[in-house]
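Open the model in a viewer and keep a selection panel at hand. The stops below say what to select and what is there.

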Amino acid sequence: MKIAILSRNPRLYSTRRLVEAGEKLGHQIDVIDTMHCYMDITSSNPVVRYDGKPLPKYDAVIPRIGASVTFYGTAVVRQFEMMGTYSINESVAISRSRDKLRSLQLMSRKGLGLPKTGFANHPDKISDLLKNVGGAPVVIKLLEGTQGIGVVLAESNKTAESIIEAFMGLKANILVQEYIKEAGGADIRCLVVGGKVIAAMKRQGAEGEFRSNLHRGGTASLVKLSPEERRTAVEAAKAMGLNMCGVDILRSNNGPLIMEVNSSPGLEGIETATGKDVAAMIIEHIEKSALSAGANTKTKGKG
């Protein structure tokens, strides 16, 4: 098979591992810089152009699109879909998962476990917003934040009100969530591929840090999932319409609570923690799915 990886940096661990795994399984793997692609939108014969010439027909594409380039990146994926190329994650599903508010609303509609969450636009509703999520301590999140950036823990209602007013003064969109103290600064990353959890790790925040992101000094270790946690991760991926994603879960007194669904999960932490060849498992899923998809690869736009 001919497989394209949309990645801005071929030296990144996840990109390198997918190339290695694909080539080891006998496929041609090309790494393409998403932002250097350009398209003829009005053509009756859709193509993606790159480096001055049209790209060849690929059997499958793996989008590794950063949050900062979601708009253009999903447009490129959509063009590949129009050409009949199978994408492991559909363009509309990537867009859906990048909108934290929309993601939570979709998962809430499916009855999945979530922290109490509030969203408001006008500053005079702050006190009621805090009351509805149970009061301080609360976690305040920028909708556009990634890797723990733009996530703040407010220990008191007064502090929370000041932070929220500051964000609103900057016209930033924010979520306010209850703080799950019993999670102890840890979460569980479940990697879901093809409707199954293929690997999972526990991420523990650094001492004095409530955020568990590995980019912020957190550590990863192997974890055994409960059947409910496994089911929650699979249902979250299904609600987003993602064939491959990382589902971040908090262990609470009320069962597993979904914190976030990531459509371009990193592979380094989870391969190191579990010892599994996750990259190969992703390629093997593409082998089965791309061949069975045939020409039925155009974006469906559901949800």
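Which residues of α1 are buried? They are Ser14, Thr15, Arg17, Leu18, Val19, Ala21 and Gly22, where buried means under 20% relative accessible area, exposed over 50% and partly exposed in between (1.4 Å probe, protein chains only). Before going further, note that this is a predicted model, in which local features need pLDDT of at least 70 and side-chain atom pairs count only at pLDDT 80 or more, while totals for chains, interfaces and linings use all residues. Residues are numbered from 1 along each chain as its sequence is written, and side-chain values use heavy atoms, with hydrogens and water left out.

**Stop 1: helix α1**

Select residues 13–24, which form helix α1. Helices (H or I, at least four residues) and strands (E, at least two) are DSSP runs, numbered from the N terminus. From first C-alpha to last, the 12 residues of α1 reach 16 Å, close to the expected 16 Å; the expected span is 1.5 Å times one less than the number of residues.

Now show the side chains of Arg17 and Glu20. They meet in a salt bridge, at 3.1 Å from N to O. The term stands for a side-chain nitrogen of Lys or Arg within 4 Å of a carboxyl oxygen of Asp or Glu. Why can these two side chains of α1 be looked at together? Glu20 and Arg17 are 3 residues apart in helix α1, so about one helical turn separates them. An α-helix has 3.6 residues a turn, so residues three or four places apart point the same way. Glu20 is partly exposed at 41% relative accessible area, whereas Arg17 is buried at 14%.

**Stop 2: Arg203 and its two partners**

How many salt bridges are there by this rule? The count comes to 8. Two of them can be found by selecting Arg203, which has a salt bridge to Asp187 (2.8 Å, N to O) and another to Asp248 (3.1 Å, N to O).

The Asp248 pair links distant parts of the chain: Arg203 lies in strand β13 and Asp248 in strand β15 (residues 244–252), 45 residues apart.

Return to Arg203 and colour by accessibility. Arg203 is buried at 6% relative accessibility, Asp187 is buried at 1% and Asp248 is buried at 4%.

**Stop 3: helices α3 and α4**

Select α3 (residues 91–98) together with α4 (residues 100–109). Two packed helices are described by the angle between their axes and the distance between the axes. Here the angle is about 100 degrees and the axes are 5 Å apart. The axes are lines fitted to C-alpha atoms, for helices over the stretch in contact, and angles run from 0 to 180 degrees between N-to-C directions. That makes α3 roughly perpendicular to α4; angles under 35 degrees count as roughly parallel, over 145 as roughly antiparallel, 65 to 115 as roughly perpendicular and the rest as oblique.

Which residues meet across this pair? Arg96, Ser97 and Arg98 in α3 meet Lys100, Arg102, Ser103 and Leu106 in α4, with contact taken as heavy atoms within 4.5 Å. They divide into 1 nonpolar, 2 polar and 4 charged. In this grouping Ala, Val, Leu, Ile, Met, Phe, Trp, Tyr, Cys and Pro are nonpolar, Asp, Glu, Lys and Arg are charged, and the others, Gly among them, are polar.

Centre the view on Ser103 in α4. Is Ser103 buried or exposed? Ser103 is buried, with 6% relative accessible area. Apart from neighbours within four places in sequence, Ser103 is in contact with Arg96, Ser97 and Met240.

**Stop 4: backbone details in loops**

Select Asp51, in the loop between β4 (48–50) and β5 (53–54). Its phi is near 55 degrees, a positive value in a residue other than glycine, and Asp51 is exposed at 62% relative accessibility. Lys171, in the loop between α6 (157–169) and β11 (174–178), also has a positive phi, near 60 degrees. Lys171 is exposed at 75%.

Last, select Ala136 and Pro137, joined by a cis peptide bond with omega of about 0 degrees. Pro137 is in the loop between α5 (126–132) and β9 (138–142).
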